[in-house]
Amino acid sequence: MTTAASAGGLRQGRIEHPRRSLFRDRGWAVGLALIAPAFLLMVVLIFAPAVLSLAGTFFPAGAAGASLANYEHFFGDALSVLNLVFTVWTTLATLLVLLVVGLVVAVYLRFSQSRLVAAIQVLSLFPLFVPGIVISFALIRFLGPTGLVPSILKAIGITGYQTPYLHASGAVIGLVWENIPLTVMLLTAGLSQVSNRAIEAARDVGANAAQIFIHIVLPPLTRSIAVVCCLNFLQIFGSFTVPYILGPAAPQMMSIFMQRTFTEVHLADAAETQAAITFLVCLIAGVVYSAIVFRDSAAKGTLAA
Amino acid sequence: MRRALGKDAVIGAVLLAALLIFVLAPLLTVIVWAFADQWRPPALWPTQWGVRYWHILLARADVVQSLTISLFISLVVTIVAALICLPAAYAFARLDFPGRRLFLLSFIAVNAFPRFALYVSIAIVFLSVGLIGTITGVVLIQLVFSLLFMIWIPTAAFRGVDRSIEEAARDVGASHLTVLVRITLPQVAPAIGAALLLTFMNAFYEVDGALLIGVPTVRTMPIVMLSLINGQIIVQYGAVLSVMLWVPSLVLLLLTRRMFDSRTFAAGLGV
């Protein structure tokens, strides 16, 4: 360790400071000691409960050994399955809207020469600073049955307004609101890698806007889109407050289902199974997201230093 | 070229208008509600303005108590997160040890789980060790999601410190501690301030964990607001609490907005 470190120092042509190299010799022990509390906290609060939950579902109370009884019970219950399917659909619908909105805003921010860019950027990041509970309440006052939008529509003579409040669309609208900043930020970062020269070259040989978008703009953006999809999928699937306030009472998102099962019905085992199934559905998104971040950091060396 | 610019401006105006309506109008509606003593939809405007509901709410014991509890819990979460995470961030940025990169990357696990399902798993563990309904339990669950950005943002900051100034100070005889306090910390202070602020606000506004772990004994401010939204027909209660909850953070963020460059956010999101 010592020789490797000093060899590294020499190779870079740096003269090792005597005191610093002394500190370096003990460095790895000090380093591990300094990160230990944070790492242990993460293991105890994240990995251990998740693994325990997953494992616990295969060993139901009262059963002699491992069994799938908990899962048979969940998938045998029409309401549980309905909630799961509803959560998947709500998540995918929200994700689709977010992608479209995010791409439109990010592409405009990247390519526009208008002076409105700054204002659009601020507005699209603004939801970062608004807690979920506040925006949920605000959307009730805005879009709910006695909200401002139906009042305005009534005043100008439009009838037949259907409120999204307490419907699936209410949850989708709230979740889109909450996740716009993340989406726009990630897509803007991806678009910054698109070169102006490539676009001009394509335009010179007669490519139209759609061709430029598909062949020049999209390819460097695939990584960002993958991260956007994974992160948003996890965020939306694991969200509680917004769908709890704005979404329907039945069917429910899995988070609300779990909360009711745990807090109101006091069935910890059933809640554990619901959580385990949620983990499994989100597994792909979590793994892909982690893999992209790992690979990028290895390639760029940003975190590796 | 001129036509293209015109189209550019038109699209921008449409986008800006859409965002103004979708993002800002709902919040402005709530602010108006908070200062309406009487407003009967479908009237488009309050018929009586005033701060009557502010007085009523601030006289309610549950509101005042929950505000105290929320401030206390958020403060404890922030202090504990700083004590645990800042030394780790320093180590990740400045010290050499085996597995450093893997350890640092492992903290993105925080983002790779569906949040509420993770909370339920934690709650089941807490149930067996008697942490349900305790302040300790709420503090612990709120620590979970402060870990990532309390480590990654300061790590990036420590890494950005100009090492030559430190070496120069050491060459003229400054001790390690002096260099840390006088040279290193002032340079990373803005980023650490931003991370502390984010931690405090996330804890203060957090609903999911507090509802699952704290209820019914520990009721934070957002939990009281949740019950006032669901159970009460008086709109102003929710509106006044929204403004009370949200405006301080907005002011704080505007005051410190220079801390929040885009890299700060990116680091917090783990990308």
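Is B:Phe92 buried or exposed, and how many C-beta neighbours does B:Phe92 have inside 10 Å?

## The residue B:Phe92

B:Phe92 counts as buried because it has 28 C-beta neighbours inside 10 Å; a residue is buried if 20 or more other C-beta atoms, placed from the backbone, lie within 10 Å of its own, exposed if 12 or fewer, and partly exposed in between. This is a predicted model, in which local features need pLDDT of at least 70 and side-chain atom pairs count only at pLDDT 80 or more, while totals for chains, interfaces and linings use all residues. Residues are numbered from 1 along each chain as its sequence is written, and chains are lettered from A and ligands numbered from 1 in the order in which they are written.

B:Phe92 lies in helix α3 (residues 61-94) of chain B, where helices are DSSP runs (H or I, at least four residues) numbered from the N terminus. Leaving aside residues up to four places away in sequence, B:Phe92 touches A:Ile35, B:Arg100, B:Leu104, B:Ile151 and B:Thr155, a contact being two residues whose C-beta atoms, placed from the backbone, lie within 7 Å.

## Between the chains

In the model, 86 residues of chain A are in contact with 86 residues of chain B. On the side of chain A that touches chain B, the largest share, 18 residues, comes from helix α3 (residues 27-57) of chain A. By class, that side has 61 nonpolar, 21 polar and four charged residues (Ala, Val, Leu, Ile, Met, Phe, Trp, Tyr, Cys and Pro count as nonpolar, Asp, Glu, Lys and Arg as charged, and the others, Gly among them, as polar).

Helix α14 (residues 254-264) of chain A packs against helix α5 (residues 115-129) of chain B at an angle of about 20°, with their axes 9 Å apart. The two helices, α14(A) and α5(B), are therefore roughly parallel to each other (angles under 35 degrees count as roughly parallel, over 145 as roughly antiparallel, 65 to 115 as roughly perpendicular and the rest as oblique). Their contact is made by A:Ser255, A:Met258 and A:Phe262 of α14(A) together with B:Phe116, B:Ala117, B:Val120 and B:Ala123 of α5(B).

## Confidence in chain A

Chain A averages a pLDDT of 87, and 89% of the residues score at least 70, pLDDT being the predictor's confidence in each residue, from 0 to 100. Among the elements of chain A, helix α1 (residues 2-11) has the lowest mean pLDDT (39), whereas helix α5 (residues 78-111) has the highest (96).

Notes. Axes fitted to C-alpha atoms, helices over the stretch in contact; angles between N-to-C directions.
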